[in-house]
Every structure is written in C-alpha cells, then in structure tokens.
Amino acid sequence: MHHGNRQSVTNAPQDSRFNAPTLIEGIIALLLFVGLLEGLLLWLAAPVGLRLSASAVYLIMVVMVLKSWPTTRRWLGWANRVTLLRGMLVAILAGAILFPDFMAQHALVMAALASGALILDGLDGWIARLTRSASVFGARFDMELDAFFILVLCLALVVLGKVGPWVLLIGSMRYGFILAGQVWPWLNRTLPASRRRKIICVWQALTLLCGLLPLVSSGMASSLAALSLLLLSLSFLVDIRWLSARKKRPLS
C-alpha cells in the first residue's frame, strides 16, 4: 500500500542459512496456518484446492521472511508475529481467488477475513512501538504485505465481477514504481514520512473491502475504486515531484 523507496530490509549482513530460532517460529507459523485453513475448509466446505493455493502463498511468504531476516537477531518479536498472522488471512484470500464461485457464496466471510487483516495492520505497528521493537525489517515486511493485500483485494473484485480489470492499476501501481526505480535511480531516494500516504492507504483498503460485500453493487464498488485510484495517483505524483526536485543530489 505504501509507495516508499526500495530500501534494504536490513542493515545487517545476510547469511544464506536460516536462523534457528526464527526457523522454529516459521515452522510454528506454518502449523498454525494449516490449522486455521483446515478449520475454514471444514466450516465452509471449501474446495480442497484452496488448501493448496493458500498454503503455497503462505509458504512463499514465510520462506521470504526467513531468508530476509537479519542474522544478528534471534526471535521475530510480537509485532512481526502479528504481521505473520495477518499474512495468514491474506494468504487465504489470495488462495480463494482461484475459486470465484466459492468467494461469491461466502462473500461475507471473505470480507471478514479482509477486515481482520486490516485491523491487524494497525495492531502490529502499535505493538512495535509499545515494545520498542520497531525495525527496518519489520517496517519493510509490513509494507510489502500491505501492497500484496491491496493487490489481492483488487484481484478479488475482478474475479467476482464487481469491478473491471482497470482496478488492478491500484494494486500494481507500487510495483510499477519499484520497476521504474530500476530505470530512474533517483526514484529510490528515501521519502519522508507522510500522513497523506497513510490515510490514502487505509482508504484504499476500506473501499476495496467494501466492494466485496454483497450489498454493495457493482456500480458503487467501481465508483469507490475509481476514487481510490484517483487519490493514489495524485499521491504518487506528489511524491514523484518531490523526488524529481532532488534527483541531482547524491542518494542518501
């Protein structure tokens, strides 16, 4: 959801081997996810393929976390654990995209999963501040999951026929920004913290989430998504203008 710079996930040197404590936590996270997913399958009579698709998404997520984790730190910490929990909900939503009939039949459950992910998005940052455990890795992990969450919501609206494929512009804009940084390195400069970005991020998630609800018509979902796309585009333009004004300065 954020469109900041592509800073490194950690300032510490990386080791190709997994850190033993975080590997244990990763395994526990996978086991918890399997339990959650199996419970959902039994409760909703979900297709068995959902087990495979959602598990594949979450497994990739956990492996990426373990590979990127700073070797100088041992345990994940409660804030990152909450973010992993949020990742479970997002992974189930992502896996369900391959089964649009199931998503349509259980639209309220899908919206509830998305709402839980949105609530946890605010909780992990609060826990990081409360426990004084905020880190570069944690911030990047949270940001990447936010971006993926928005993309998943956009895909869900498309497969449900609530909004046209153009809504994918919302979910792919940050990834396009990252790719543009490969061509124009000045886009990689660290952006200052911005309340504007945070507000627009929350607005995106809320409006896309509302579009999942059965009571929200396709026209209303499209209108809300169009407003989100407009606000996001303006936010990107403001930041690109700020970066452009400093493109001749050395990257910090």
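Because the model is predicted, local features are reported only at pLDDT of at least 70 and side-chain atom pairs only at pLDDT 80 or more, whereas totals for chains, interfaces and linings use all residues. Residues are numbered from 1 along each chain as its sequence is written, and side-chain values use heavy atoms, with hydrogens and water left out.

The protein contains nine helices and zero strands, where helices (H or I, at least four residues) and strands (E, at least two) are DSSP runs numbered from the N terminus. The order of elements from the N terminus is accordingly α-α-α-α-α-α-α-α-α. Of the 252 residues, 46% are buried; this term denotes a relative accessible area under 20%, while exposed denotes over 50% and partly exposed the range in between (1.4 Å probe, protein chains only). Among contacts (heavy atoms within 4.5 Å) between residues at least 6 apart in sequence, 83% join residues at least 24 apart.

The second largest pocket holds about 410 Å³ of space. Its lining draws two or more residues from each of helix 2 (48–68) and helix 6 (136–159). In total, 14 residues line this pocket, and M61, M64, F141, E144 and L145 lie nearest its centre. By class, the lining comprises 11 nonpolar residues, one polar residue and two charged residues; Ala, Val, Leu, Ile, Met, Phe, Trp, Tyr, Cys and Pro count as nonpolar, Asp, Glu, Lys and Arg as charged, and the others, Gly among them, as polar. A pocket is an open set of points on a 1 Å grid over the protein atoms alone, where a 1.4 Å probe fits, with protein on both sides within 12 Å along at least five of seven lines; lining residues have an atom within 4 Å of a point. Grid points are joined across faces, edges and corners, and the volume is the space filled by probe spheres set on the points.

V62 is located in helix 2 and is buried, with a relative accessible area of 3%. Beyond its neighbours within four places in sequence, V62 contacts G26, L30 and L84. The C-alpha atom of V62 is separated by 9.7 Å from that of E25, a residue 37 places away along the chain. R86 belongs to helix 3 (residues 78–96), and R86 counts as buried because its relative accessibility is 0%. When residues up to four places away in sequence are not counted, R86 touches A117, L120, D121, D124, D142, L145 and D146. One of these, L145, is also among the residues nearest the centre of the second largest pocket.

In helix 6, which contains A156, a relative accessibility of 4% places A156 among the buried residues. A156 touches I97, M103 and L212, not counting residues up to four places away in sequence. A156 and L93, 63 residues apart in sequence, have C-alpha atoms 8.0 Å apart in space. L108, by contrast, is exposed, because its relative accessibility is 58%. L108 lies in helix 5 (residues 107–130) and is in contact with L213 and P214, leaving aside its neighbours within four places in sequence. Between L108 and L215, 107 residues apart along the chain, the C-alpha separation is 9.9 Å.

Helix 9 (residues 218–244) includes S228, which has a relative accessible area of 0% and is therefore buried. The side chain of S228 forms a polar contact of 2.7 Å with the side chain of T207. Such a contact is a pair of N or O atoms within 3.5 Å; within protein, one must be able to donate a hydrogen and the other to accept it, and residues adjacent in sequence count only if both atoms are side-chain atoms. Apart from its neighbours within four places in sequence, S228 is in contact with I170, W203, Q204 and T207. L224 is likewise placed in helix 9. With its neighbours within four places in sequence left aside, L224 contacts T207 and C210. L224 lies 61 residues from V163 in sequence, and their C-alpha atoms are 9.9 Å apart.
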